[in-house]
Amino acid sequence: MDTAEVILSVLVVVIILVSLLSNVLVLICFLYNPEIRKQVPGLFNLNLTFCNLLLTVSNMPLTLVGLVSKAQPGGDGFCQIVGFLETFLSTNSMLSMAALSIDRWIAVVFPLRYHSKMRHKDAAFVLGYTWAHSMSFSTVATCLSWVGYHRFYASCTLFNPRASSRTQFVIFTVFFHSFTFLLSLIVLCVTYLKVLKVARFHCKRIDVITMQTLVLLVDIHPSVRQRCLEEQKRRRQRATKKISTFIGTFMVCFAPYVITRIVELFPAVLINPHWGIVSKCLAYSKAACDPFVYSLLRHQYKKTCTDIINRLLKRSSLNTSGRMHENQVNSIVPAE
């Protein structure tokens, strides 16, 4: 292995560890807090976490094995199963992010009708579509033997070594990425930009009320006025930063891999051998980013994590104090 392959192997290991720990933590918070389970977005987060966890334990380690050994991990049948999972899980996770963006759009644009428009029954219907959509593409690819070990990505994924069906495979690949990555990206951009528009409108109204209040309070201290103005600025930037994070992480993680898969369909285009692994690592890194982007940085999940840690520490301290008290009693009372 050269230096670049060693660095990429270490990167895959780091992604596996971060993804596994962060997604397990999201799952623990979901099971621990009944309020999270009652919320409709919790179902979408649970589905996204499930996809990320399964991708982490099934596909990422095999990519690491393929990168280190430079050979296909397992037989052809095993590789087809892994490739089926990779296609299904990556598609499902993209559509889950689109579903979360639709949920946020309804909550912000139609706040009074949110509970009637987005119920658990509606969320289950949306998740049913994501599973049917993901299952259809992955099943077609597997049945047509368009799933196998691709040395360029060191993983079992969409691959067609036969020249006889090249045209059909090109059409399928373009169609697949158009109705997964491109569709999800369009939904994310449209919904989150509408959310940003509404958020800026509300911030503008709050700013007008704040400025009118500051004008009336002529005796207000300059430092208080300055803090109010800084809070206005932070409020405007907060919504933009969140929307940029949702769309930006999706683009940075998935776009290089999808573009590479489209470009490689042209035989005349030469791609750097290490770039395939890099683009694959970027796609895998989305599974490590999602828990922080959609869950762990939110106040409710932070509070749940704090409650779990405090409960564990309290139990540990009670056990420690109990053992100390027992030792003290044993030291005072002589043994018979």
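**Exercise 1. Place T240 in the fold.**

T240 is partly exposed, with a relative accessible area of 25%. That class lies between buried (under 20% relative accessible area) and exposed (over 50%), using a 1.4 Å probe and protein chains only. Before going on, note that this is a predicted model: local features need pLDDT of at least 70, side-chain atom pairs count only at pLDDT 80 or more, and totals for chains, interfaces and linings use all residues. Residues are numbered from 1 along each chain as its sequence is written, and side-chain values use heavy atoms, without hydrogens or water.

Step 1. Find the element: T240 sits in helix α9 (residues 222–263). Helices (H or I, at least four residues) and strands (E, at least two) are DSSP runs, numbered from the N terminus.

Step 2. List the contacts, meaning heavy atoms within 4.5 Å. Neighbours within four places in sequence aside, T240 touches L196 and R200.

Step 3. Compare sequence with space. T240 and L196 are 44 residues apart in sequence, yet their C-alpha atoms are 6.7 Å apart.

**Exercise 2. Describe how α1 packs on α4.**

Step 1. Take the axes, which are lines fitted to C-alpha atoms over the stretch in contact; angles run from 0 to 180 degrees between N-to-C directions. Those of α1 (residues 3–32) and α4 (residues 60–69) come within 10 Å and cross at roughly 165°.

Step 2. Classify the angle. α1 and α4 are therefore roughly antiparallel, a term for angles over 145 degrees.

Step 3. Identify the residues. From α1 come E5, L8, S9, V12, V13, I15, I16 and S19; from α4, M60, P61, L64, L67 and V68. They divide into 10 nonpolar, 2 polar and 1 charged. Here Ala, Val, Leu, Ile, Met, Phe, Trp, Tyr, Cys and Pro count as nonpolar, Asp, Glu, Lys and Arg as charged, and the others, Gly among them, as polar.

**Exercise 3. Check two annotated spans against the model.**

Step 1. The unreviewed UniProt entry annotates "transmembrane region" at several spans, including residues 6–32 and 44–68. Such annotations may be inferred rather than shown by experiment.

Step 2. Residues 6–32 are 100% helix, with end C-alpha atoms 39 Å apart. Residues 44–68 are 96% helix, with end C-alpha atoms 35 Å apart.

Terms used:
Angles under 35 degrees count as roughly parallel, over 145 as roughly antiparallel, 65 to 115 as roughly perpendicular and the rest as oblique.
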